[in-house]
Amino acid sequence: MVVVSILVALLWKLPFFVFAGRVYADLPLREEFFPRWLQLLPVSAGAFLIAVAALGVSLFCGSRKWLQLLTAVSTAALAVLVIHQHSYNDVTFFTCAWASLWCLWWFGRLEDEPAGLLERGAFLAQLILSVILFGGGVGKLTPGYWSGEVLYEIYFSGRDYWLFNLLRGSFEEPELQAIAGWYSRFVILTELSCGALWLLPRRTASWLAVAVLLGIALASNTNLFSVITCLLGLAVVGLHTPRRE
């Protein structure tokens with residue numbers, strides 16, 4: 001289930017990844033921070049293909065050792081995408097790398113007692129979600145985000161999406177800026193609150209994480225499903241834990 005969610009996220013990203021690769025090739029910017037091999041477009045393209053291929057093959061593999069090997073390969077390939085100049089600033093590869101690392105851990109524990117493994121797996125998945133969402137909230141603790149200016153420029157002022165089209169058609173610009181401010185603060189406080197997901201009962205944390213992740217994408221733009229789909233895969237792990245009396 002988690003492997004499928006990572007594959008869906010990567011395939012959702014594929015059209016934009018190809019487009020960004022063409023732009024990267026046409027505008028060869030070079031930063032000295034990145035070593036030469038982490039600036040080459042074939043490296044990032046190869047890492048993307050290797051990650052997709054390894055995860056795809058793992059869906060048809062029944063051997064624990066092969067599953068570990070394939071998810072180790074996918075995690076390494078996604079780690080390259082996280083630090084490559086072409087792809088480092090795309091959160092999709094960051095979230096997919098964490099989900100792939102979780103799969104690597106899971107396949108290494110398949111011989112454990114099932115109920116205990118599910119409990120530990122759900123805890124680890126929710127800890128990862130807590131760190132990612134809390135980190136997103138901390139990263140937005142800037143004057144520009146808290147005032148709503150950043151999200152106003154990104155979404156409210158011209159983004160072609162049903163929610164923002166509706167708001168632009170219903171409110172004047174000063175009111176729209178005020179709404180953007182409240183919207184931005186709500187996003188920040190929600191993400192910061194999700195830092196406590198790992199402390200909640202497993203099923204409660206799973207449902208809350210699913211609601212927050214879907215809300216992030218549906219209230220902003222559907223391109224974010226490339227970021228959150230693998231996180232949704234992690235979130236629903238807790239729904240498979242045994243109910244407690």
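The legends below describe close-up views of a predicted model of one protein chain.

**View 1. Confidence along the predicted protein chain.**
The mean pLDDT of the protein chain is 93, and 99% of the residues score at least 70. Confidence is highest in helix α4 (residues 91–107), at 97. The lowest value belongs to helix α8 (residues 162–170), with a mean of 91. Where pLDDT is low, predicted coordinates should not be read in detail.

Helix α1 covers residues 2–26, which is 25 residues.

**View 2. The buried side of helix α1 and what covers it.**
Buried residues of α1 include V2, V3, S5, I6, L7, A9 and L10. Further along the helix, K13, F17, A20, G21 and Y24 are also buried. The elements that cover these residues include α2 (41–58), α3 (64–83), α4 and α11 (225–235).

**View 3. K13, a buried lysine in helix α1.**
K13 is part of helix α1. Its relative accessibility is 10%; a residue under 20% is buried, and K13 therefore counts as such. Leaving aside residues up to four places away in sequence, K13 touches D90, T92, F93 and S226.

**View 4. A20 and H86.**
A20 also sits in helix α1. Its relative accessible area is 19%, and because the limit for buried is under 20%, A20 is classed as buried. A20 and H86 are 66 residues apart along the chain, yet their C-alpha atoms are separated by 7.9 Å.

A disulfide is a covalent bond between the sulfur atoms of two cysteines. The count of disulfides in this model is zero. C61 is in no disulfide, and the nearest cysteine sulfur, that of C103, lies 13 Å away. With a relative accessible area of 22%, C61 is partly exposed. For C194, the closest cysteine sulfur is in C230, at 15 Å, which is too far for a bond; the cut-off for a disulfide is 2.5 Å between the sulfur atoms. C194 is buried, at 4% relative accessibility.

**View 5. The tilted pair W105 and W106.**
The whole structure holds 17 aromatic pairs. In one of them, the ring centres of W105 and W106 are 6.4 Å apart and the planes meet at 55 degrees, so this pair is tilted. Planes over 60 degrees apart would count as edge-to-face, and those under 30 degrees as stacked. W106 counts as buried, at 17% relative accessibility.

The aromatic pair of Y155 and F164 is stacked, with 5.3 Å from centre to centre and 5 degrees between the planes. Y155 is buried at 11% relative accessibility, and F164 is buried with a relative accessible area of 1%. Both residues belong to one aromatic cluster, which is formed by Y155, F156, Y161, W162, F164 and Y183.

Definitions and conventions. Residues are numbered from 1 along each chain as its sequence is written. This is a predicted model: local features need pLDDT of at least 70, side-chain atom pairs count only at pLDDT 80 or more; totals for chains, interfaces and linings use all residues. Side-chain values use heavy atoms; hydrogens and water are left out. pLDDT is the predictor's confidence in each residue, from 0 to 100. Helices (H or I, at least four residues) and strands (E, at least two) are DSSP runs, numbered from the N terminus. The expected span of a helix is 1.5 Å times one less than its number of residues. Buried means under 20% relative accessible area, exposed over 50%, partly exposed in between (1.4 Å probe, protein chains only). Contact means heavy atoms within 4.5 Å. Rings of Phe, Tyr and Trp (its six-membered ring) pair if their centres lie within 6.5 Å; planes under 30 degrees apart count as stacked, over 60 as edge-to-face and the rest as tilted.
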